[in-house]
Amino acid sequence: MKKYLLLLFLLLLLVPAKAQIKLSDEAQISILTAAPSDEAVFTLYGHTAVRVKDSLHKIDLVFNYGIFDFSKPNFIYRFTKGETDYKLAAYNFQHYIIEYQMRGSEVTEQVLNFTPDEINKIWNALYINVQPENCVYRYNFFFDNCATRPVAIVEEQVDGKIKYNDPPEPQTFRDLINYCTRNNSWLTFGCDLALGSPTDRVATPHEMMFLPVYLKEEFDKATIVNPDGTERKLVKSTTRLAEELTDDDQGEKEWFTPMLCSMIIFLLVSLITYMEWKKKTYFRLVDCILFLLAGVAGTVLFFLCFISTHPCIWPNWSIVWLQPFDLVAVILFAVKKYGKAAYYYHFINFAALTLLLAGWYFIPQHLNIAFIPLVATLWLRSGFGVYRGRMHI
């Protein structure tokens with residue numbers, strides 16, 4: 001990654017010299033859309049970049065708003081907190097397209113139907129944005145990313161107004177991202193856990209363009225309303241620059257899914273609880289392990305809800321069954337003399353989880369169905385804790 005960033009930095013040094021040139025009438029601006037791929041988490045959603053090509057001046061650059069550095073100190077913490085900085089970089093088109101060809105991702109180019117004056121305005125805007133003092137921006141998955149930035153530049157610099165025709169079917173933000181992660185059930189599970197009820201808001205057609213595939217589709221149907229009232233198509237021509245490579249293993253389905261894992265945990269704990277009831281005993285370690293895991297997950301969720309600056313995180317109904325107080329409960333369960341306090345904790349937790357399960361389909365948030373066995377597991381243990389307290393086991 002460091003070598004890659006160094007290469008981009010060296011290529012970036014070439015931009016200021018070329019940016020002083022006024023582009024010729026042969027120049028063109030295009031949108032490059034890389035189709036989603038399963039290679040990595042950040043490739044599941046596709047990618048958008050801007051290409052500036054001027055054969056007369058031998059310019060062929062890609063402006064990429066999706067550059068980030070994994071090796072940056074505290075990257076995971078900053079990403080979790082919502083303080084991930086992305087940057088705009090400009091480099092040779094051939095370097096860009098070779099990367100996606102090697103990855104086996106489809107890349108589509110949409111040449112925009114701009115006048116020479118509009119092309120130079122966008123070229124100058126990109127030049128200003130790529131300067132070291134301007135190129136870094138605070139990444140926001142839904143509202144400020146590699147797709148929304150090119151849209152904003154195009155809309156700001158065009159002479160007239162872009163009219164988006166034939167809007168897509170309404171979908172929530174969660175519907176949109178869950179479709180992208182449909183082949184990765186664990187990632188879908190994680191997103192459903194971390195993202196709160198605001199994610200279930202229906203996105204406007206314009207907001208849907210945070211995903212590159214929707215940007216491509218909306219641009220393809222859009223027209224530019226000129227100052228005199230006439231209209232012209234936004235996209236002049238579309239070309240496929242790289243083909244998708246088919247993978248023989250692509251059709252394989254996951255077998256160890258979150259639902260299967262959750263069911264195994266529930267059935268195993270149910271069996272242990274039955275043995276406890278039958279033998280009138282208590283396996284203290286079971287509650288300690290379960291509530292320790294729930295408490296750690298609840299702490300992460302609490303951090304996302306109340307400390308992170310990510311959008312669409314809070315309110316999150318999952319914090320009802322995953323919350324940091326479970327870590328305190330572990331101490332109550334581990335120390336025998338705190339048995340009465342443990343009983344009251346189980347009673348409160350049992351009541352809360354009962355209400356959650358009873359109102360599952362009325363909660364204004366999509367909750368992954370694989371959550372149900374996990375909630376039921378904690379509900380069962382707290383219910384048994386109340387039973388033991390009442391029976392003085």
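A contact, in what follows, means heavy atoms within 4.5 Å. By that criterion, residues 24 or more positions apart account for 77% of the contacts in the protein chain that have a separation of 6 or more. The model is a predicted one, and its secondary structure comes to 14 helices and 10 strands. The C-alpha trace spans about 90 × 45 × 40 Å along its principal axes, and of the 393 residues in the chain, buried residues make up 47%.

The chain is divided into domain 1, covering 23–240, and domain 2, covering 256–388, and the contact between them takes 23 residues from domain 1 and 27 residues from domain 2. Taken over C-alpha atoms, the centres of the two domains are separated by 41 Å. The area buried between domain 1 and domain 2 is about 2100 Å², with carbon and sulfur atoms giving 66% of that area. Three residues, Trp186, Phe189 and Leu193, supply 27% of the area that domain 1 buries against domain 2, which is more than any other three residues supply.

On the side of domain 1 that touches domain 2, the elements giving two or more residues are helix 3 (75–81), helix 7 (173–180) and helix 8 (185–194). Helix 8 gives the most to this side, with seven residues. Sorted by class, the side of domain 1 that touches domain 2 has 10 nonpolar, nine polar and four charged residues.

Side chains of opposite charge can pair when their charged atoms come close. By the rule applied here, the count comes to 17 salt bridges. One of them joins Asp192 to Arg174, with the closest N and O atoms 3.2 Å apart, and this pair links distant parts of the chain, Asp192 being in helix 8 and Arg174 in helix 7, 18 residues apart. Asp192 counts as buried because its relative accessibility is 1%, under the 20% limit for that class, and Arg174 likewise counts as buried at 1%. Arg174 also forms a salt bridge with Asp200, where the closest N and O atoms are 2.8 Å apart; here the partners are 26 residues apart, with Asp200 in the loop between helix 8 and helix 9. Asp200 has a relative accessible area of 22% and is therefore partly exposed.

The loop that holds Asp200 also holds Thr199. Is Thr199 buried or exposed? Thr199 is buried, because its relative accessible area is 0%. Leaving aside its neighbours within four places in sequence, Thr199 is in contact with Phe142, Thr172, Phe173, Arg174 and Cys312.

Cys312 lies in the loop between helix 11 and helix 12, and its relative accessible area of 12% makes it buried. Most residues other than glycine have a negative phi, and most peptide bonds are trans. Phi of Cys312, however, is near 65°, a positive value in a residue other than glycine. The loop between helix 11 (284–306) and helix 12 (325–334) also contains Pro315, which a cis peptide bond joins to Trp314, with omega about 0°. Lys280 has a positive phi as well, near 55°, and is found in the loop between helix 10 and helix 11. With a relative accessible area of 61%, Lys280 is exposed.

The side chains of Arg381 and Glu276 meet in a salt bridge of 2.5 Å, N to O, which links helix 14 (residues 371–391), where Arg381 lies, with helix 10 (residues 258–279), where Glu276 lies, the two being 105 residues apart. Arg381 counts as buried because its relative accessibility is 0%, and Glu276 is buried with a relative accessible area of 0%. Elsewhere, Arg51, Asp60 and Glu109 are linked in a network of salt bridges.

Conventions
Residues numbered from 1 in each chain as written. Predicted model: local features only at pLDDT ≥ 70, side-chain atom pairs only at ≥ 80, totals over all residues. Heavy atoms only, no water. Domains from an automatic or database assignment. Buried area = accessible area lost by both parts, 1.4 Å probe. Helix = DSSP H or I, 4+ residues; strand = E, 2+ residues; numbered from the N terminus. Nonpolar A, V, L, I, M, F, W, Y, C, P; charged D, E, K, R; others polar. Buried < 20%, exposed > 50% of the residue type's maximum accessible area, 1.4 Å probe, protein only. Salt bridge = Lys/Arg side-chain N within 4 Å of Asp/Glu carboxyl O.
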